[in-house]
Amino acid sequence: RRVVLTSSVATMCTDASEKDNAPNGILTEDIINMTASLDYQPYHFGKTLAEMAAWRLAGSQNQWTLATIHPSFVLGPGVKYHASSESFKFMVSMCGGEYASGAPNIGLGFVSVDDVAKAHIVAAYKEDVVGRHILSAANTSFMEVAETLRKKYPQYPIPTKAVPKAMLYLIGPLIHSAIKRRFVMKNVDVKTNYDNTKSKEALGIEYRPMDETLYEMLE
C-alpha cells in the first residue's frame with residue numbers, strides 16, 4: 001500500500017534566487033527548504049514541516065510506503081469558480097485590471113492541474129514509485145504569463161510592463177505588509193529553476209504547454 005502526499009516546491013526553496021546556491025543552479029528533489037520561518041514565508045515553513053513529519057511517520061512503520069508530489073504554481077480550469085483559490089485570484093488580478101499599470105515580475109514555476117492530477121494517480125498505483133517528485137512544466141514569470149495571455153485576449157487590461165524592482169523595494173512594504181524587501185530582492189526579476197526530470201521518467205508526465213492551460217482556465 002502507498003500513501004501519496006500533496007506537498008509543494010515550497011519544501012525545496014523559499015525564494016527563486018536559491019537556485020544560485022543549488023548544485024549546477026538547479027533545484028532538485030534532493031534539496032530541503034532550510035530558509036523559511038514563521039516570520040518569513042510561513043506557508044513554505046509549514047509545508048516543509050508537514051512533509052518532514054510525513055517522512056518520519058512513514059519511516060516508523062512498514063505497512064505502507066510514501067511518495068510526495070511537489071507542484072509549483074498550479075493553473076488550469078476548475079470544476080467551478082473558487083474565490084479562495086490563489087490560482088483564480090492570480091488570473092483575476094492578471095486580467096481584471098489590478099496590474100494594468102504594471103506588474104511585479106516575480107519568477108515562478110508553473111504546472112497544469114491536469115498534470116498534477118495524473119501524477120497523483122500514477123504515484124499511487126505504479127509499483128516502483130518512491131520519494132519526492134517535483135511537478136513543474138516551466139520556469140516562468142509574471143510578465144511571461146501576461147505576454148502569453150495578451151496574444152489571445154488583447155481586449156483585457158493585461159499588464160504590458162513590469163514595475164521596476166527598485167520601486168517595489170522602496171514602496172512595496174508601504175503598500176502591503178506581505179511585500180517584504182527581502183522577497184523583492186530574491187524573487188522579482190529572478191527566474192527559478194526547478195528540475196522536472198524525475199516526474200517525466202518515474203511518473204511518465206508529458207507536460208502540457210503553458211499557453212493551452214492559461215487559455216483553458218480563462219475560458
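Contact, as used here, means heavy atoms within 4.5 Å. The model is predicted, so local features need pLDDT of at least 70 and side-chain atom pairs count only at pLDDT 80 or more, whereas totals for chains, interfaces and linings use all residues. Residues are numbered from 1 along each chain as its sequence is written, and side-chain values use heavy atoms, with hydrogens and water left out.

Ser199 is in contact with Ile134, Leu135, Gly204, Ile205 and Tyr207, leaving aside neighbours within four places in sequence. Ser199 lies in helix 7; helices (H or I, at least four residues) and strands (E, at least two) are DSSP runs numbered from the N terminus. Ser199 counts as buried because its relative accessibility is 0%; buried means under 20% relative accessible area, exposed over 50%, and partly exposed in between, with a 1.4 Å probe and protein chains only. A polar atom of the Ser199 side chain lies 3.3 Å from the backbone oxygen of Ile134.

Asp195 lies in the loop between helix 6 (181-187) and helix 7. Not counting residues up to four places away in sequence, Asp195 touches Ile26, Leu27, Thr28, Glu29 and Ile134. The side chains of Asp195 and Thr197 are joined by a polar contact of 2.6 Å, that is, a pair of N or O atoms within 3.5 Å; within protein, one must be able to donate a hydrogen and the other to accept it, and residues adjacent in sequence count only if both atoms are side-chain atoms.

Helix 7 (197-203) is also among the elements against which the buried residues of helix 3 pack, together with strands 1 (2-6), 2 (65-71), 3 (73-75), 4 (107-112) and 5 (131-135). Those buried residues are Asp115, Val116, Ala119, His120, Val122 and Ala123.

Another part of the model is the pair formed by helix 4 and helix 8. Glu144, Val145, Thr148, Leu149, Lys151 and Lys152 in helix 4 meet Met210, Asp211, Leu214, Tyr215 and Leu218 in helix 8. In helix 8, the buried residues are Met210, Thr213, Leu214, Tyr215 and Met217. These pack against strand 3, helix 2 (86-95), strand 4, strand 6 (138-141) and helix 4.
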